[in-house]
Amino acid sequence: MAFRIQKTVALLYDSILQNTKRLCHKTAINARQETKTEYVFDDEVLLSKENQQRCLEKMKASAPIGVQLKGNQNEKSFAAVLIAICTDENGRNPSILYTRRARTLRRHMRQISFPGGIQDENEDFITCALRETEEEVGLCRSRVEIWGTGSLMKPPHTAAIMPVIGSVRNFKESELKLNVDEVEEAFTVPISRLAHPQTLHYTQFKSGYSAPVFIVDDKKIWGITGFLTNAFLNCFLPPEMNYLKNRVKYIRPVKVSGDKK
């Protein structure tokens, strides 16, 4: 009897050991795959003139995002934001510049945004984006190499927004001088982090649309900035490096008995 029990225990132990080995092997494979995904972004390709041209063509060809409401006074104005692609002293490790709005502002306080603001009279979008960036974070407009503009975004209840794309070489956060009345902090997020599929989440609203949300460490990039970030990355990333496509899904709501129609 004791022999049978020992044999059963031995077989059970062998089974657990084999399952553990298989699980460890699978985990190791997944870890290698995740590591591989982290390092498939080729800076040379991303920052090439060919990719720059392809990105701008895709952004200009994109349909305008958003729907404006008739009669809303805020929607009669225009704004521009700067999507600044920052590189290090070696012209590598591209990242995107963001700001966190000051807590004293009346709207969208402490939310993450691109530098930018409302367009002045007789001012083009590029001039507006560069002026606002200089006023908000102290980045001299001569430091920005403009690539071009994208497609106009028309969110409800606010100004129509034109994204302006540019690059800043040999960027250092220490060169920024924040306007504390408008900006609480400024920081960059590596494109390799933003472009990783595990960074992109989404929020689905009851009104029937899904909004992209990028979560990097303690930073949550959502709202209009999340939309623009997602739209830009899907144009900027070549097909072989784009792991974000179709990641923002729409799930048909399930009606629960007793829900109001």
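Start with the rings: the whole structure holds 6 aromatic pairs. Rings of Phe, Tyr and Trp (its six-membered ring) pair if their centres lie within 6.5 Å; planes under 30 degrees apart count as stacked, over 60 as edge-to-face and the rest as tilted.

Before selecting anything, note that this is a predicted model, in which local features need pLDDT of at least 70, side-chain atom pairs count only at pLDDT 80 or more, and totals for chains, interfaces and linings use all residues. Residues are numbered from 1 along each chain as its sequence is written, and side-chain values use heavy atoms, with hydrogens and water left out.

**Stop 1: the whole chain.** Show the cartoon. The protein chain has 6 helices and 10 strands. These are DSSP runs numbered from the N terminus (helices: H or I, at least four residues; strands: E, at least two). Of its 261 residues, 39% count as buried. Buried means under 20% relative accessible area, exposed over 50%, and partly exposed in between (1.4 Å probe, protein chains only). Now consider contacts, meaning heavy atoms within 4.5 Å. Among those with a separation of 6 or more in the protein chain, 66% come from residues 24 or more positions apart.

**Stop 2: Trp 147 and Phe 236.** Select both side chains. Their rings form a tilted aromatic pair, 6.2 Å centre to centre with 35° between the planes. Trp 147 sits in strand β5 (residues 145-149) and Phe 236 in helix α6, so the pair ties together parts that are 89 residues apart in sequence. Trp 147 is buried at a relative accessible area of 10%. Phe 236 is buried too, at 0% relative accessibility.

Stop 3: Phe 232 and Phe 236 make a stacked aromatic pair: 5.1 Å centre to centre, 15° between the planes. Both lie in helix α6, 4 residues apart, about one turn of the helix.

**Stop 4: α3 against α6.** Two packed helices are described by the angle between their axes and the distance between the axes. Next, display the contact residues. Asn 51, Arg 54, Cys 55, Lys 58 and Met 59 of α3 meet Phe 232, Asn 234, Cys 235 and Phe 236 of α6.

**Stop 5: Thr 188.** Move to strand β7 (residues 183-190), where Thr 188 lies. Thr 188 is partly exposed, at 23% relative accessibility. Which residues does Thr 188 contact, leaving aside neighbours within four places in sequence? They are Cys 86, Ser 95, Ile 96, Leu 97, Phe 171 and Glu 173. Then pick Tyr 98: its C-alpha is 5.9 Å from that of Thr 188, although the two are 90 residues apart in sequence. Tyr 98 also belongs to one aromatic cluster with Phe 114 and Phe 187.

**Stop 6: two loop residues.** Select Asn 170, in the loop between β6 (160-168) and β7. Its phi is positive, near 50°, in a residue other than glycine. Asn 170 is partly exposed at 35% relative accessibility. Finish at Asp 217, in the loop between β9 (210-216) and β10 (219-221). Asp 217 is not a glycine either, yet its phi is about 55°. At 62% relative accessibility, Asp 217 is exposed.
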